[in-house]
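Here is a short report for someone meeting this structure for the first time. Please look over the sequence and the model before reading on.

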Amino acid sequence: MVMPAPAVSGTGGAAPGTVGDVRRSNLALVLGSIAEFPPGTCPSRAQVAAATGLTKASVSSLVLDLLDAGLIREVGLNPQGRGRPGVGLELNPSRAVMGMEINVDYISAAVVDLTGKVLIREVKERDNRNSAHAPVLAALAALAVRVRSSAGERGVEVLGGGLAVPGLVDPARARVLTAPNLGWVDVDLDLDALLPEAPLGVALFNEANAAALAELRDRPDGASDFLFVSGEVGVGGGIVIGSELFTGPEGHAGEVGHIVVDPDGGHCSCGGTGCLETVAGQDAIFTAAGLVPDTGSRSASMSALLQALKAAEPGPVTAVERAGRSLGIALASAARVVDIQSVVLGGHFALLEPWLRAPLLESLGKYAPGKYAPEQVTVSAVGEAGALLGSAGSVIRSLMEAPHRLHA
Ligand SMILES: [Zn+2]
């Protein structure tokens, strides 16, 4: 039986210490244990019991619930078990979630299975600047229907989803508080319309925070503390401390793009003056480089900029160097406040890194001497799909922590 589920993470339900609560937490323990075995291992019930410390009888009962909820499946004989071979268990490959993203110049959707593997991904360029939210949501809903239907043709059921937007959000109320580059203020989103009837509903995320979470999962160096900063039309940031996203009491921490780098600078979309975004945001760089931004195609504009940089054209080189120096000023300030000594560059900062890096390091050395070692300034391991994958990953993580949401 499927329970109505909240659109945001949380275990909800019984008070701590009750029988129901213990069972729910054991369900999560067993599901997490099955997920943590190396891919292809397909542990037996006995192996799960050994790994979790639960009795075999308890594991068998909990496994029945997880099978009933469709989160795991039984596969063949498990040859690795001691003694009599048992049936192996694995996450059900025909269950998935959908990551979705609305950004200034595109919308996208991806179906991601419970192991985090991307099954389908579609990106549609669309000029969303100063658009009313309804047509943008309608376009995303149409994309989601198409992608969900492709998944369905492959026998994959989408359980729920996550939507990332470039702005401050109130996830509990499904409200975008402000997304300056979309022109949205206090916009309530009908998230259920994106994935009608999906048992887990759709959760709302800030784009840079979601991308930071995707980065956390895929860091080749296994870093658990870093500042993620992503250049788009706006500049977003996410603070990861101890492998957890730090969002602050209201959920709005990490707004690196609105750190002031030039008190006498230009007006910012946030209403402030001289924010990093006014120097290092995409349009700011294009304009300073003497390139006219093509609002219909960010990839075309970025290609033109990269070509000009490769040809060492002085205007574009100077514009990107200035962006790099300003990024350094902002990150130097951030390092003083949160004491994180590792930076991950995403979005166009990753693409422009060969030209940004030297002025960025020079600026960091000047304004926060000794805080950042050069090797701790790295580019994104995830790439441009970070927000999409991070929002999907976050929904999977909350499901793993509370699988009872799919089962009575
Ligand atoms: Zn600002």
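Predicted model: local features only at pLDDT ≥ 70, side-chain atom pairs only at ≥ 80, totals over all residues.

**The core.** The largest nonpolar core has 117 residues. Met98, Leu163, Leu276 and Leu331 touch the most other members. Helix 9 (residues 314–338) supplies the largest share of this core, 10 residues. Take Leu276: leaving aside neighbours within four places in sequence, its contacts include Val235, Val256, Ile259 and Val261. Ser326, Leu327 and Ala330 are also in contact with Leu276.

**A buried strand.** Strand 6 spans residues 157–165. Of its 9 residues, 8 are buried, so strand 6 is largely enclosed by the rest of the structure. Strand 6 pairs with strand 3 and is joined to strand 10. Leu163 in strand 6 is the bridge partner of Met100. Gly162 stands opposite Ala203 in strand 10.

Five strands form an open sheet in the order 13-12-11-14-15, with mixed pairing. Its edge strands are strand 13 (244–246) and strand 15 (377–379), and each pairs on one side only. From one strand to the next, the twist averages 30°. Within the sheet, Phe226 stands opposite Val240 in strand 12. Helix 5 (residues 207–218) lies across strands 11, 12, 13 and 14. Helix 5 runs at about 45° to strand 12.

| Strand pair | Sense | Bridges |
|---|---|---|
| Strand 3 (residues 95–102) and strand 6 | parallel | 6 bridges |
| Strand 6 and strand 10 (residues 202–206) | parallel | 5 bridges |
| Strand 11 (residues 226–231) and strand 12 (residues 235–241) | antiparallel | 6 bridges |

Key
Residues numbered from 1 in each chain as written. Core = buried A, V, L, I, M, F, W, Y, C linked by C-beta atoms within 7 Å. Buried ≥ 20, exposed ≤ 12 C-beta atoms within 10 Å, placed from the backbone. Helix = DSSP H or I, 4+ residues; strand = E, 2+ residues; numbered from the N terminus. Contact = placed C-beta atoms within 7 Å. Pairing = 2+ DSSP bridges. Axes fitted to C-alpha atoms, helices over the stretch in contact; angles between N-to-C directions.
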